[in-house]
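Here are my notes on the model, point by point. Please read them with the structure open.

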Amino acid sequence: MDGKVWLVIAAILAVALAVAAAVLLVRVFKARKLLLDAGIPLRDKALFWVAVVYTVSPVDLIPDPVYLDDVGVLLLALRSLHAAAVSAGKPADRTV
């Protein structure tokens, strides 16, 4: 395989990861209604904002053509918010 094929594969992978990060960011914002709930711990609410700021900030652990770190942070925030909602006895919408 020549260099052009690898470049196309890398570009497709970068676009796919960017789309995944965008979809997860939208899901995190849809889950923000849980932030208004008094039963959700402040730690989980803060993790939401940390995930959003980290995703849109230009400073990353891994350079921006690779969105794996952004996707990981967003998944952690979603998981934390849903776990906090379940432990507080609030129904966490799994479609969010």
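1. Helix 3 has 20 residues. From first C-alpha to last, helix 3 reaches 28 Å, close to the 28 Å expected at 1.5 Å a residue. Keep in mind that this is a predicted model.

2. Which residues of helix 3 are buried? The list runs Asp69, Asp70, Val71, Leu74, Ala77, Leu78, Ser80, Leu81, His82, Ala84 and Ala85. An α-helix has 3.6 residues a turn, so residues three or four places apart point the same way.

3. What covers these buried residues of helix 3? The cover includes helix 1 (3-30) and helix 2 (42-56).

4. Take serine 80 as a case. Serine 80 lies in helix 3, which spans residues 68-87. Is serine 80 buried or exposed? Serine 80 counts as buried because its relative accessibility is 11%, and buried means under 20%.

5. Look next at the contacts of serine 80. Leaving aside residues up to four places away in sequence, serine 80 touches Arg43, Asp44 and Leu47.

6. After helix 3 comes glycine 89. The phi of glycine 89 is positive, near 85°.

7. Now the surface. Val5, Trp6 and Ile9 form a nonpolar patch there. Together the three have about 280 Å² of accessible area.

8. Isoleucine 9, one of the patch residues, is found in helix 1. Its relative accessible area is 39%, so isoleucine 9 is partly exposed. That class lies between the buried limit of 20% and the exposed limit of 50%.

Notes:
Residues numbered from 1 in each chain as written. Predicted model: local features only at pLDDT ≥ 70, side-chain atom pairs only at ≥ 80, totals over all residues. Heavy atoms only, no water. Helix = DSSP H or I, 4+ residues; strand = E, 2+ residues; numbered from the N terminus. Buried < 20%, exposed > 50% of the residue type's maximum accessible area, 1.4 Å probe, protein only. Contact = heavy atoms within 4.5 Å. Expected span 1.5 Å × (residues − 1). Patch = residues over 30% accessible without salt bridge, like charges linked within 9 Å, V, L, I, M, F, W, Y side chains within 5 Å. Areas by Shrake-Rupley, 256 points an atom, 1.4 Å probe, with all protein chains shown as cover. Salt bridge = Lys/Arg side-chain N within 4 Å of Asp/Glu carboxyl O.
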